[in-house]
Amino acid sequence: MALLTALLIGLVFGAGIAVSGMANPAKVVNFFDIAGSWDPSLALVMGGALAVAYPGYRLVLRRPAPVLDPRFHLPERRRIDAALVWGSALFGIGWGLSGFCPGGAIPAIGLLRPEPLIFTATMGAGILAAKAQQRWAAERRSDRARRQGACRGCG
Amino acid sequence: MTEFTPVQSLLGGGLIGLAAVLLMALHGRIAGMTGILAGAFAPGGGWRLAFLLGAALAPLLLVRAGGVEIGFDSPAPLGWTALSGLLVGIGVSYGGGCTSGHGVCGLARLSARSLVATLSFMLVTGATVYVTRHLMGGL
């Protein structure tokens, strides 16, 4: 049941991306090209999405739990740190170079052109490399914490 | 040039918002493409693969079965597109989300983190387009 609903919701998402123009990199780049061939369409994509998602979330999150899961899985991080800013900035450089973002590229695969596949492949490699580095950094942190804890125990 | 498409863009945006609300109402999950991709092969990630399959199938169905015209033009040379994918993959991993996760779901939850992230990537994307198109004269 959960697989079927996720598939159907994915269809709605992909249809929205395709109809809105977000799957078209030329349209995305033109949205940011205010000094040149500006196409303001994407402001309406975000506006339309928020006009539905904001009241929709307010209604849904008032309930004790979602229909198919025991609880809501909401992001717990609150801190605004450097990684949030520079990671997003790095994403912006990539997005500006090609006009592909993750949510635009996956539905664009269904248009059967090579570019979305190439983008998705290197994006996947980037996500895997970042996850490996983050795991390594977390292990180093916990190792150091353990060593410090042991020293305090000795002293 | 691409044409201003207010009706399609507003309608499409509404569908993206609807998908976000449905995913929260049924699965209790954020409809952020970064998180969905990153966890696609994790244990219990079957729903993510199903979502990705649906997202990729939708345009195919619209074009083939629905006869809908979906514009597509990728202005960057393939090498730049490949490099851009790598930067996006690394960036969204450290930034904790992308346009769908921070820009739609996060802003809809009035998350301060998502507002900062969205401002950061929107400004830098605009600057990147300005540099490549107007200072470098195109890629």
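Me: Why does Val67(A) count as exposed?
Reply: Its relative accessibility is 55%. Exposed means over 50%, buried under 20% and partly exposed in between (1.4 Å probe, protein chains only). Because 55% is over 50%, Val67(A) counts as exposed. This is a predicted model: local features need pLDDT of at least 70 and side-chain atom pairs count only at pLDDT 80 or more, while totals for chains, interfaces and linings use all residues. Residues are numbered from 1 along each chain as its sequence is written, chains are lettered from A and ligands numbered from 1 in the order in which they are written, and side-chain values use heavy atoms, with hydrogens and water left out.

Me: Where is Val67(A) found, and what does Val67(A) touch?
Reply: Val67(A) lies in the loop between H3 and H4 of chain A. Not counting residues up to four places away in sequence, Val67(A) touches Ala25(B) and Leu26(B) (contact means heavy atoms within 4.5 Å). Its C-alpha atom is separated by 41 Å from that of Arg146(A), 79 residues apart along the chain.

Me: What makes Thr128(B) buried?
Reply: Thr128(B) has a relative accessible area of 9%, so by the cut-off already given it is buried. Thr128(B) sits in helix H6 (residues 112-135) of chain B. Leaving aside neighbours within four places in sequence, Thr128(B) is in contact with Gly92(A), Ile93(A), Gly96(A) and Leu97(A).

Me: Which atom does the side chain of Thr128(B) reach?
Reply: The side chain reaches the backbone oxygen of Val124(B) at 2.7 Å. A polar contact is a pair of N or O atoms within 3.5 Å; within protein, one must be able to donate a hydrogen and the other to accept it, and residues adjacent in sequence count only if both atoms are side-chain atoms.

Me: How much area do chain A and chain B bury between them?
Reply: The two chains bury about 9,300 Å², 76% of it on carbon and sulfur atoms (buried area is the accessible area, 1.4 Å probe, that two parts lose on being put together, summed over both). In chain A, Phe13(A), Tyr57(A) and Leu97(A) lose the most area to chain B, together 8% of what that side buries. By residues, 100 of chain A are in contact with 106 of chain B.

Me: What makes Arg133(B) and Asp33(A) a salt bridge?
Reply: Their side chains meet at 2.8 Å, N to O. A salt bridge is a side-chain nitrogen of Lys or Arg within 4 Å of a carboxyl oxygen of Asp or Glu, so this pair qualifies. The count between chain A and chain B is two salt bridges.

Me: How many residue pairs are in polar contact across the interface, and which helix gives the largest share of the chain A side?
Reply: The rule finds 30 residue pairs in polar contact across the interface of chain A and chain B (both at pLDDT 80 or more). H1(A) supplies the largest share of the side of chain A that touches chain B, 17 residues.

Definitions and conventions:
Helices (H or I, at least four residues) and strands (E, at least two) are DSSP runs, numbered from the N terminus.
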